[in-house]
Amino acid sequence: MTVLAAGSIGTDRLELLPLRVGHAGEMAAVLSDPALHTFTGGIPDTPEALRSRYRRLTAGSPDPAVSWLNWVIRLRAESCLTGTVQATVAGPVAEIAWVVGTPWQGRGIATEAARALVAWLTRQPVHTVIAHIHPDHSASAAVARAAGLTPTDVQHDGEIRWHREIPPSPC
């Protein structure tokens, strides 16, 4: 059993920074648009609720066989947080998700962050990457496709399971 830890991941425009409780204030503003919950349900968290959630996430999974990996997305040019990416890794399977705040959507940030996350996962003991996406969420489907995932016929809680196999690296 390998416990993974989120380290910083860089791309041309972005820094994926390991989530910290101190990010909650800025992230509450980033995630404040109720439209971000159109496909997932719920309402935006208050800064206090997000701090509490981030405390739980940064404490790690209570299951030692599961790694909770969470990053905030920082846009270097604007020196601001724009969203999050995450991976829950259980054995050789990583389930990923992403969200980018409304003001930063349509700029390729989610795609760049998801690609970077999947590239990072290919260097870990992960063989399968999955994501669950609402069938009407074309923007998230485009991000998943750009990160190398393909849709399957499997549905879970009304969402389509997307999938990518990572070939073992030659030794």
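This is a predicted model: local features need pLDDT of at least 70, side-chain atom pairs count only at pLDDT 80 or more; totals for chains, interfaces and linings use all residues.

**Salt bridges, sheet and helix**

Arg53 counts as partly exposed, because its relative accessibility is 35%. The partner of Arg53 in a salt bridge is Asp45, with 3.9 Å between the closest N and O atoms. Asp45 is likewise partly exposed, at 33% relative accessibility.

A search of the whole structure returns five salt bridges. Another of them joins the side chains of Arg51 and Glu48, at 3.7 Å from N to O. These two residues are three apart in helix 2 (residues 47-59), so about one helical turn separates them. Arg51 is partly exposed, its relative accessible area being 28%.

Arg107 and Glu78 also form a salt bridge, and their closest N and O atoms are 2.4 Å apart. Arg107 sits in the loop between strand 5 (93-100) and helix 3, while Glu78 sits in the loop between strand 3 and strand 4; the pair therefore ties together parts 29 residues apart in sequence. Arg107 is partly exposed at 35%, and Glu78 is partly exposed at 40%.

Eight strands make up an open sheet of mixed pairing, in the order 1-2-3-4-5-6-8-7. Strand 1 (9-10) and strand 7 (150-156) are its edges, each pairing on one side only. Strand 3 (residues 66-75) and strand 4 (residues 80-90) run antiparallel and are joined by 10 bridges. Val72 stands opposite Thr84 of strand 4.

Lastly, helix 3 (residues 109-122) has 14 residues and spans 20 Å from first to last C-alpha. Of these 14 residues, 11 are buried, so helix 3 is largely enclosed by the rest of the structure. Among the buried residues are Glu112 and Trp120.

Definitions and conventions
Residues are numbered from 1 along each chain as its sequence is written. Side-chain values use heavy atoms; hydrogens and water are left out. Helices (H or I, at least four residues) and strands (E, at least two) are DSSP runs, numbered from the N terminus. The expected span of a helix is 1.5 Å times one less than its number of residues. Buried means under 20% relative accessible area, exposed over 50%, partly exposed in between (1.4 Å probe, protein chains only). Two strands pair if DSSP finds at least two bridges between them. A salt bridge is a side-chain nitrogen of Lys or Arg within 4 Å of a carboxyl oxygen of Asp or Glu.
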